Amino acid sequence: MSPAQWDLPPELCCRPMAFVALTGLDVVYNAVHRAIWDAFCANRRADRVPISFKVLPGDHEYPKCRTKRTSYEWYIPKGILKTGWMNKHLNLVPALVVLFYELDWDEPQWKEKQSECATKVEIVRTSLQGRNTKVAVVLIQKKTPLPPGEDVMASERAAALCNACDLSGKSLFVLPHTDHLVGYIIRLENAFYEHAQTYYYTEIRRVKSHKEFLNKTTHQLLFVRHQFKTAFFSELKQDTQNALKYYRAAYSLIHELRTHETNILEIKTMAGFINYKICRLCFQHNTPLDAIAQFRKHIDLCKKKIGSAELAFEHAAWMSKQFQYFGDLFDEAIKLGLTAIQTQNPGFYYQQAAHYAQERKRLAFQLCGGPEANLGYPAPDPLETPTGILDFYGQRAWRQGHQISTCFKLVSQELIIALLSNAVAQFKKYKCPRMKSRLMVQMGEEYYHTKDYAKALKLLDYVMCDYRTERWWGLLTSILGTALRCSYLMAQVKDYVSYSMELVGRASMLREDQKSRIQKNVAKVLKNEPPEAEPDCDPSAVKAAQALWNERGSQASGEDLILEVQDSVPFVQCKARFLHPSFHLDVPVQLHVFLLTDSPHPVRFSKLCVSLSNQDYNQYCVVDSLGQAPAQEDMCLVPGRTHRYSFRFVARPEDVGKKIEITGVDLMLGSENGRCIFLNWRGGGGDAASSHEALQATRSFKRRGRLPENEVDWDTVSIQASTMIISRVPRISVQLHHEPPALNNEMYCMMVTIQSHEDIVARDLKLTAGLKPGQDANLSHTTHVTLDGSKMCDDSHRALLPDIPMGDLQPQEKPLSIRCSTTGPRIFLVHVAYTVDTCIEGRDIVCKCHKFEHLEHVFVDVPFLLMTDILSMSPWPLHLVTSELQLAPTMAAVDQPASQVEEVVLQTGESASECFCLTCPPVHHGTTGVASGQYVMSWKRKSANATIPVVNTVITLPHVAVETIPLYVHADLPSFGRVRESLPVKYHIQNRTAIVQEVEMSVEPSDAFMFSGLKQVRLRILPGTEQDMLYNFYPLMAGYQMLPLLNINLLRLPAVSGQLLRRFLPSLQSIYVPQYKPVYITQVAACRVSFYY
């Protein structure tokens, strides 16, 4: 049976809609009729009633109605459902025939027109004789009719026309051809839909009436047929709930039928039809679990109904189609909004459909003996029906011989590949990578069987990476075997050698004899000889492949192939490492390369070269069969033995401070006389399996046996792909002599002593001294360094003196004078560089050696506090003579500021503080920041003579940002409260704007206080006035407690937050409720200036 026979008929898959025939419309030559037809069928929105319209001529012959059976006593049905029944009721037998006739109420020739209309109605009724199809008449009129009851002539003539045509009043309609044509059409559609509903309801009752004449002995098929027809008519009636009920009943009845060889195909076919309808309606009703349960039940009931063993391939084809169509339904429901999950998605059903399609191919091959089998069926077919269509669904013309002989032609690989492709797309969508990889392997195998080797190789190569990463070596071996056959049949030399090397390697699960055969084939390829054919290949394809290999061999003279083996598992392993993470410039760089082969036979190579990030060193890292250094036995890799190749070179002075990396390792197999294949490892080597093997080796507790001295344990070798070239170790000493700390503005002396321990003269000595770069940028402007300590440093002196020439290195001292105009820690740098000549492995190089020694906002008219903190960091006592606050014009003092630290002596680590209360007068509009002024501090050492002048340190006070506030809030409250005693608090709210402010205030409850007063209030404050709010708080807990939070909102200024206004309340509305006397400890920093409210 062909796959087309298993395709569901289109009338089963479509959405059943009521069929309404339109007659009397000339849509070709009459523009008005064409406009009416376009309004019915063009641009139908989803909200319009589901009706299928078709224009038919007035004398159209409808299918004849068979004579109604009055008794089923001797009737034996021949099948369940006729092949043309669904199409007949969808497209041939209308539920309503509508006659369009152009007739106005004021038509002068009314009698003649009325008679002509009645004649046309009678013709339609005659063609529908025996059917319950409704007939309606639509009068196309040029004028808009008057409202009902106002046009007496229209009422009289309408009644007369209904009598003449034998129509009820509900079957006569008027269609004015005006600008609102679409609106009238929609109203007509709704009326037509009601008539169609009545027709299908009548048909359902007619089918149900047959049930009383049936018996379950001889009429089992009719029970199924009538339930299916009832369900289908319910769908046409858009009663999907009842349709689902009848379909379920039909499905139960069909599995009660007695099955035998002659009807099993028909039963399965109809069961598939009904199951499709049930699942579709379940998805439509948004009950996907019911659909899935129904489909599982369907498969469980039908999967064992195979029938004849010779027709098992036909059953597999039917099963494949069942899964495919359910997957289509599932996918369609998802596109309409259904949510699927990773463990339940259409991909699983497409996968099963592909599985049964493959099973069908296998069974057909087993039955036919191969696609080339010829059973010699006679031509022409003696059992062929004249129309090619049987009377009932699922019945056959008894031509199994024809089916078997053509089964291979009809089971195309494209069908299996399409199903697998759909499944892959679904698993990719729902993030199921392993399922996707598995199905892609199956697709590759199907492409291989169709001899499309290029596509097969592309798919298989794509999934190999996943199986290598997850270490599925058995699966990888199977995939590599198929890929190897594809590459052989296409004569792809590079792919063939790559897959062969991996199949010979340690990850392959092949037997030793198979690995040996593959390695010998690789050796033949290297000699430009065609390899032996791979087993299980198509003989005809092998002949074509041998011709391709011979052609490749004649064109491959001197051909070089490069194989990237980092992401595979080849039969040669490589690890490269530098002996140390860093090398001094005067020490040769040493590099080792370790090679290990897992092949059955030894592997001989022609060249080994290491590529470094600095290509100038590559010439020193080569092992070549043409060179003198390596012996011939060193160019042969013995299986299971670790081979080590050592390289060394001298780094160049310009690479000091740079990293040298191994960018790649290349191993050349073959010779120039044949093919040369380069195995390339990126970085320091390793492959897809080496990282996991190294991890397993570190975790293993297995005791390793002792190896001979010249051999190396492969598992103990690690990759070290980079090294750093560092300068030669300097052989000088640098000592610094000074007496810290340095005081502010004094000339601080630091003595640098340099002494050489080199065996030869150190030349070009250069000294760099001063402030170390990378610190605060302000320190470079306040630190000055000079070599002349007799003069005071000024701003012209630099903070760092670079590259001071000192000549040849002799023991010497150099004084530095440093002046710092600000306090704070500083890191000084002393850098000595020199040049010395040395010889490394017969090469003279110049080494440059060096040595290091690392010696904010205020508000207008709102008082705020300026606090200065002075911390003595001097090791000697300091005498504070006096201090002075010099305010800028933009600042004003609340009281007369006076020095509060006059004649104070500070010991090391002691501090002194001053506090001034200031305000900021109103500023010009647009001004955001104002200067505060200066703070002048006069001091000297306590031990200094009276003649020593006083040092005046001037500290510029920071600028402050100034803002204006519309509302000023402050509070009057005691300094402390007592538990369970009243605590009065008064809030003063002052309006500082020129408009009336509406203020909304609320007090949030607190666990630490009870209170009395207005919890929430809204009030108005006039410009420039103040409003008082009094609250009595009752403390419940001792200690520092937050007062209940006061929320203030300005309704006319919503941008002003209540948090901003609460800043003016003392200590964030906190108060101390004592149980003991509090002690305040303040830590201050040197010259710290703070602003407080």
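I started at N286, which sits in the loop between α10 (264-284) and α11 (288-302). Helices here are DSSP runs of H or I with at least four residues, strands are runs of E with at least two, and both are numbered from the N terminus. The model is a predicted one, in which local features need pLDDT of at least 70 and side-chain atom pairs count only at pLDDT 80 or more, while totals for chains, interfaces and linings use all residues. Residues are numbered from 1 along each chain as its sequence is written, and side-chain values use heavy atoms, with hydrogens and water left out.

Is N286 buried or exposed? N286 is exposed, at 58% relative accessible area (exposed means over 50%, buried under 20%, partly exposed in between, with a 1.4 Å probe and protein chains only).

Next I went to R980, in the loop between β35 (967-972) and β36 (983-991). R980 has a positive phi near 60° and is a residue other than glycine. The relative accessible area of R980 is 55%, so R980 is exposed.

Then I turned to a pair of helices, α7 (residues 181-208) and α8 (residues 220-236). Their axes come within 9 Å and cross at roughly 170°; axes are lines fitted to C-alpha atoms, for helices over the stretch in contact, and angles run from 0 to 180 degrees between N-to-C directions. That makes α7 roughly antiparallel to α8 (over 145 degrees; under 35 is roughly parallel, 65 to 115 roughly perpendicular and the rest oblique). Which residues meet here? From α7 I listed Q197, Y200, E203, I204, V207 and K208, and from α8 H226, K229, T230, F233, S234 and L236. Contact means heavy atoms within 4.5 Å. The residues of this contact divide into 5 nonpolar, 4 polar and 3 charged (Ala, Val, Leu, Ile, Met, Phe, Trp, Tyr, Cys and Pro are nonpolar, Asp, Glu, Lys and Arg charged, and the others, Gly among them, polar).

On to the sheets. I found an open sheet of 3 strands in the order β7-β9-β13, with antiparallel pairing; two strands pair if DSSP finds at least two bridges between them. The edge strands, β7 (572-578) and β13 (643-649), each pair on one side only. Between β7 and β9 (residues 589-597) I noted 7 bridges, and R577 has H592 in β9 as its bridge partner.

Another open sheet has 3 strands in the order β25-β34-β31, and its pairing is mixed. β25 (858-859) and β31 (929-930) each have a single partner strand, so one side of each is left without a neighbour in the sheet. β25 runs parallel to β34 (residues 960-963), with 2 bridges joining them; V858 is partnered by V962 in β34.

I finished with two buried residues. S606 belongs to strand β10 (residues 603-612) and is buried at 12% relative accessibility. A polar atom of the S606 side chain lies 2.3 Å from the backbone oxygen of G670. V752, in strand β18 (residues 747-756), is buried at 1%. Its C-alpha atom is 6.7 Å from that of H737, 15 residues apart along the chain.

Conventions
Polar contact = N/O pair within 3.5 Å; in protein donor to acceptor, adjacent residues only side chain to side chain.
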